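Please read them with the structure open.

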Amino acid sequence: MEKQWRCTVCGYIHSGENPPEICPICGADASFFELIPQSDELNIATDIKKSAAKPVIAQPDNEKAIRQALYRISYGLYIITAQAESRDNGQCANTCFQITSDPARLAIGINKLNFTHELIQKSGKFGVSVLNQTGHDYARRFGYSSGRDADKFKGLAVHRGESGVLLLDDALVTMQAKVMGQMDAGTHTLFLADVTNGEILQEGDPMTYAFFRASK
Ligand SMILES: Cc1cc2nc3c(=O)[nH]c(=O)nc-3n(C[C@H](O)[C@H](O)[C@H](O)COP(=O)(O)O)c2cc1C
């Protein structure tokens, strides 16, 4: 009988002589896979959730455990846009989350090297377009190249919000936000911002980071 391997990060089961190089569900590398003992095999098809939720059999070293734990935090996927000195740009980000609802306040984590970071710091404003579950191309276009030398919006349907930032037409909702504080987080800056505008464009479920990784 073929060997079966369980991804200790997301519970995905792989059949084969060796574990896969990369988990197709969560992206964890081969070192995160553990061989499932033969006696477990009967339960796998019917009870993946239960088996994945079992207490970890062998604790990995602390560094690995931290990485595995971080992998299990769930996120959405967003296109963060900004405008300053007549330049528009946007980037993909998963680190965007509500801090408080009253006042409507959110935070984003943006790499200091990104062009979008420069524009947010100059303008003190940014836009958030919340991707729907078919937004893979937007995540690729805005997430895998820098807008310093290219116009990422070329050919895309966008509209300009009251604050001046561009927003995707093909998004579930959009928000515009005004930075009210920031924190140096090493490679990234954590921008804390008040939401000044919101618009509802589509019905549907948002894209999650896990769904993007699993279906990209
Ligand atoms: C799925 C995905 C999630 C990302 N999440 C973030 C994030 O939360 N923060 C960040 O700074 N960069 C993130 N990135 C990387 C930026 O989108 C990427 O570096 C982008 O090219 C920066 O573009 P810019 O230089 O035009 O601003 C993500 C990329 C992808 C594909």
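Among contacts between residues at least 6 apart in sequence, what percentage join residues at least 24 apart? The figure is 63%. Keep in mind that the model is predicted.

1. **Overall layout.** The protein holds six helices and twelve strands. Its C-alpha atoms fill a box of roughly 65 × 35 × 35 Å along the principal axes. Of the 216 residues, 30% are buried.

2. **Domains.** Two domains are assigned: domain 1 covers 4–71 and domain 2 covers 78–215. Their centres, taken over C-alpha atoms, are 33 Å apart.

3. Strand β1 (residues 4–7) pairs with β2 (residues 13–15) in the antiparallel sense, through three bridges. Within that pairing, Q4 faces S15 of β2. Five residues sit between the two strands of this hairpin, and G11 there has a positive phi near 90 degrees. β1 also pairs with β3 (residues 33–35), again antiparallel and over three bridges. Here R6 stands opposite E34 of β3.

4. **The seven-stranded sheet.** This sheet is open, its pairing is antiparallel, and the strand order reads β5-β4-β8-β11-β12-β7-β6. β5 and β6 (96–100) form the edges, each pairing on one side only. Neighbouring strands are turned against each other by 35 degrees on average, with direction ignored. Inside the sheet, β8 (residues 125–130) and β11 (residues 173–185) run antiparallel and are joined by six bridges. V130 is set opposite V173 of β11.

5. **Helices on the sheet.** Which strands does α4 touch as it packs on the sheet? The list is β4 (78–84), β5, β7, β8, β11 and β12 (188–200). The direction of α4 makes about 55 degrees with that of β4. α5 lies across β4 and β5, and runs at about 115 degrees to β5.

6. **Ligand shell.** How many residues surround the ligand? There are 22, and the closest are N114, T116, G143, S146 and G147. At least two shell residues come from each of β5 (87–93), β7 (105–111), α4 (115–123) and α5 (136–143). β5 gives the largest share, four residues. By class, the shell has nine nonpolar and 13 polar residues, and no charged ones.

7. **V165.** This residue lies in the loop between β9 (158–160) and β10 (166–168). Is V165 buried or exposed? V165 counts as buried because it has 29 C-beta neighbours inside 10 Å, and the threshold for burial is 20 or more. Beyond neighbours within four places in sequence, V165 is in contact with T81, A82, Q83, K125, F126, G127 and Q176. V165 and T116 are 49 residues apart in sequence, and their C-alpha atoms are 11 Å apart in space. T116 is one of the closest residues to the ligand.

8. **The cis peptide.** The bond joining D102 and P103 is cis, with omega at about 5 degrees. P103 belongs to the loop between β6 and β7.

9. E85 is found in the loop between β4 and β5. Its phi is positive, near 45 degrees, and E85 is not a glycine. S86 is found in the loop between β4 and β5 as well. S86 has a positive phi of about 65 degrees, and it too is a residue other than glycine. S86 does so because it has 5 other C-beta atoms within 10 Å. The cut-off for an exposed residue is 12 or fewer.

Technical notes: Residues numbered from 1 in each chain as written. Predicted model: local features only at pLDDT ≥ 70, side-chain atom pairs only at ≥ 80, totals over all residues. Near = placed C-beta within 6 Å. Nonpolar A, V, L, I, M, F, W, Y, C, P; charged D, E, K, R; others polar. Domains from an automatic or database assignment. Pairing = 2+ DSSP bridges. Axes fitted to C-alpha atoms, helices over the stretch in contact; angles between N-to-C directions. Contact = placed C-beta atoms within 7 Å.
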